[in-house]
Amino acid sequence: MHYHEALAEEIRTSAARLLSEDVGPGDITAELIPDRQWAKARVITREEAVLCGVAWVDEIFRRLDPRVALTWHAADGDLLQEGQAFLELEGPARSLLTGERAALNLLQTLSATATRTRGWAKLIEDTGVRLLDTRKTLPGLRLAQKYAVTCGGGHNHRIGLYDAFLIKENHIAACGSIQAAVKEARAIAKELSVEVEVETLDELEEALAAQADTILLDNFSLDDLREAVNRTQGRATLEASGNVNDLTLTEIAATGIDCISSGALTKDIRAIDMSMRVVASEPR
């Protein structure tokens, strides 16, 4: 399945899952509100953030009640300012309140990933180094968070275990050597990229000799990263990983490597503070 088709399917299934876990057999508190009560509401962010999750929120309310009209004042990837009202909703009051938490949970989480990514991408935007995500995503949100990374200006590493080889320490041990592992990968699917994770400069030399497409330099010191760049001379793409944070990022990028990957973009995030407020309500 094509990536965009897979993402569209993920949006549909995710919206259904979010509503199922929150609403269950029915929102009993919403039943306190008269069925014919109509309301207007707006969603604001209480802090600066990069917006992500528009399609998911649209799908949540489409499934919940097609009568709800959503007016967006920002798009995915836009920078929101503290206090900004970026979404207005109008429809049955019951439906607005029933869908509130499912919509906000998704928006707050995906916007957190996009915001973290934007902040880090800005730090290295003049270096030409690409910022990559990993498979360390929140359970059930793989494609959603991968999409959020792109909204923040980052790039996707492999989506899963099926679209590229990443040969790690245990794979090497099981195959017998880096050379053997790379050779087997080429035999299985020669059209796919082959990446090898190494922990020493000696292992880097083995990966270069095996003609790996990309070499992941795991927890290398800054000096060793510079030495790896010098030894590689463009023969493979070099990816740095490990001990990456907003303090070390620029130093790592300055070594001359090609890309930096970090699970912190997707797993070590804090939800953006957003809230929905009803601003008008009347019977219809």
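**View A. The buried residues of helix α4 pack against α1, β2 (49–50), α2 (54–64) and α3 (93–123).** This is a predicted model, in which local features need pLDDT of at least 70 and side-chain atom pairs count only at pLDDT 80 or more, while totals for chains, interfaces and linings use all residues. Residues are numbered from 1 along each chain as its sequence is written, and side-chain values use heavy atoms, with hydrogens and water left out. Helices (H or I, at least four residues) and strands (E, at least two) are DSSP runs, numbered from the N terminus. Eight of the 10 residues of α4 are buried, so this helix is largely enclosed by the rest of the structure. If you want to pick them out, look for L143, A144, Q145, K146, Y147, A148, V149 and C151. Buried means under 20% relative accessible area, exposed means over 50%, and partly exposed lies in between (1.4 Å probe, protein chains only). Just after α4 comes G153, with a positive phi of about 95°.

**View B. Helix α1 (residues 3–23) crosses helix α4 (residues 142–151) at an angle of about 115°.** Two packed helices are described by the angle between their axes and the distance between the axes. Here the axes of α1 and α4 are 9 Å apart. Axes are lines fitted to C-alpha atoms, for helices over the stretch in contact, and angles run from 0 to 180 degrees between N-to-C directions. On the α1 side you will find Y3, A6, L7 and E10, which meet L143, K146 and Y147 of α4. Contact means heavy atoms within 4.5 Å. An α-helix has 3.6 residues a turn, so residues three or four places apart point the same way.

**View C. T45 is a buried residue of strand β1 (residues 37–45).** Its relative accessibility is 0%, which is why T45 counts as buried. Leaving aside neighbours within four places in sequence, the contacts of T45 include L80, Q81, E82, G83, Q84 and F86. I272, D273 and M274 are also among the contacts of T45.

**View D. E100 sits in helix α3.** Which residues touch E100, once neighbours within four places in sequence are left aside? They are F61 and M276. For a sense of scale, E100 and V57 are 43 residues apart in sequence and 9.4 Å apart in space, C-alpha to C-alpha.

**View E. Q211 and N243 are loop residues with positive phi values.** Q211 lies between α7 (201–209) and β9 (214–218), and its phi is near 65°, a positive value in a residue other than glycine. Is Q211 buried or exposed? Q211 counts as exposed because its relative accessibility is 62%. N243 belongs to the loop between β10 (237–241) and α9 (249–253). Phi of N243 is near 55°, again positive in a residue other than glycine. With a relative accessible area of 57%, N243 is exposed.

View F. Of the 284 residues in the protein, 48% are buried. Among contacts with a separation of 6 or more, 70% come from residues 24 or more positions apart.
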